[in-house]
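Dear colleague,

Please find below the structure for your review. My notes on what was found in it follow directly after.

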Amino acid sequence: MSRGNPTSSSLTPTDDALIAAIRTGDERALAHLYRLHWPMVSHFVLQNSGSEDDAQDVYQEGVMVFYEKVRDGSLELSCQIKTYLYAVCRRLWLKRLTSKSRFGVRLLDDEEHGPYLNTGAEEDVLAAEEQDRRFNTMSEALNHLGEPCRSLLEGFYLLDKSMQDLTAEFGYTNADNAKNQKYKCLVRLKKLFFAHYKEEPI
């Protein structure tokens, strides 16, 4: 099975068309996907101690995991989309329930959507959670970095400002001095990032 090019016989023609359309950025395809499998996830969450709002939150997060995997070409799909989404949302809802309960959690599953543990969704959810964790940690590190380092790095990496523009904006004598300061700021940011990253519970 090739990465980013799902051709498994378990995929339906509709699944293939949806994946192809989403990959090209067709928002109508994403909206259709959302409507198509929402009843399945809503039913699952409601029968497992959740509310309609809980179901919407979990489903939106699950669809975004699927969408980002399709868009970046890393989706490896060996089942139908509905089974994959069921597995992703099941994992997300199980995590929420577990965080609220001191006791073990057992979910009621719809047999028609199994075997949900063999879809690869577990790894994809964990990867998405790890990416979010890294992003949040980087944002936290930037907040602790202070000025002018924070604005200097945001200007260069996020706003695509040139070193000439930053030299004038921050009053450096030349672009080389601005580059040296950017390097020092980047070293500080990396130290803060890894310090915060190691402290956060996994």
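Leucine 159 sits in the loop between helix 6 and helix 7 (163-170); helices (H or I, at least four residues) and strands (E, at least two) are DSSP runs, numbered from the N terminus. This leucine 159 is exposed, its relative accessible area being 56%. The terms for accessibility are as follows: buried means under 20% relative accessible area, exposed over 50%, and partly exposed in between (1.4 Å probe, protein chains only). Together with Tyr157 and Leu158, Leu159 forms a nonpolar patch on the surface, with about 340 Å² of accessible area in total. Patches are made of residues with over 30% relative accessible area and no salt bridge, like charges being joined within 9 Å and nonpolar side chains (Val, Leu, Ile, Met, Phe, Trp, Tyr) within 5 Å. The areas come from the Shrake-Rupley method with a 1.4 Å probe, and for residues only the protein chains shown count as cover.

Please note that this is a predicted model, in which local features need pLDDT of at least 70 and side-chain atom pairs count only at pLDDT 80 or more, while totals for chains, interfaces and linings use all residues. Residues are numbered from 1 along each chain as its sequence is written, and side-chain values use heavy atoms, with hydrogens and water left out.

Overall fold

The chain contains eight helices and zero strands. Read from the N terminus, its elements run α-α-α-α-α-α-α-α. Of the 202 residues in the chain, 37% are buried.

In helix 6, the buried residues are Cys149, Leu152, Leu153 and Gly155. These residues cover an arc of only 160° around the axis, which puts them on the same side of helix 6; the arc is that of the directions from the helix axis to the C-beta atoms. Just after helix 6, aspartate 160 has a positive phi of about 60°.

The structure holds one disulfide, a disulfide being a pair of cysteine sulfur atoms within 2.5 Å. Cysteine 149 and cysteine 185 are its partners, with an S to S distance of 2.0 Å. Cysteine 149 belongs to helix 6 (residues 149-158) and cysteine 185 to helix 8 (residues 175-199), so the pair ties together parts that are 36 residues apart in sequence. The link of cysteine 149 and cysteine 185 is left-handed, with -70° about the S-S bond. Both cysteine 149 and cysteine 185 are buried.

Two further cysteines may interest you. Cysteine 79 is buried at a relative accessible area of 10%, and cysteine 89 is buried at 1%.

Helix 3

Helix 3 (residues 52-71) has 20 residues and reaches 28 Å from its first C-alpha to its last, close to the 28 Å expected at 1.5 Å a residue. The expected span is 1.5 Å times one less than the number of residues in the helix. Among the buried residues of helix 3 are Asp54, Val58, Tyr59, Phe66 and Lys69. Seen down the axis, the buried residues of helix 3 fall within an arc of 150°, so they line one face of the helix. Glycine 73, which follows helix 3, has a positive phi near 80°.

Salt bridges

How many salt bridges does a search of the whole structure find? The search finds five, a salt bridge being a side-chain nitrogen of Lys or Arg within 4 Å of a carboxyl oxygen of Asp or Glu.

One of them pairs arginine 96 with aspartate 57 (4.0 Å, N to O). Arginine 96 lies in helix 4 (residues 81-100) and aspartate 57 in helix 3, so this pair ties together parts that are 39 residues apart in sequence. Arginine 96 also meets glutamate 61 in a salt bridge (3.8 Å, N to O). Glutamate 61 is in helix 3 and arginine 96 in helix 4, so the parts tied together here are 35 residues apart in sequence. Through shared partners, salt bridges join Asp57, Glu61 and Arg96 into one network. Arginine 96 is partly exposed at 26% relative accessible area, aspartate 57 is partly exposed at 37%, and glutamate 61 is partly exposed at 33%.

Another salt bridge links arginine 28 to aspartate 26, the closest N and O atoms being 3.4 Å apart. Arginine 28 counts as exposed at 66% relative accessibility, whereas aspartate 26 counts as partly exposed at 25%.

With kind regards
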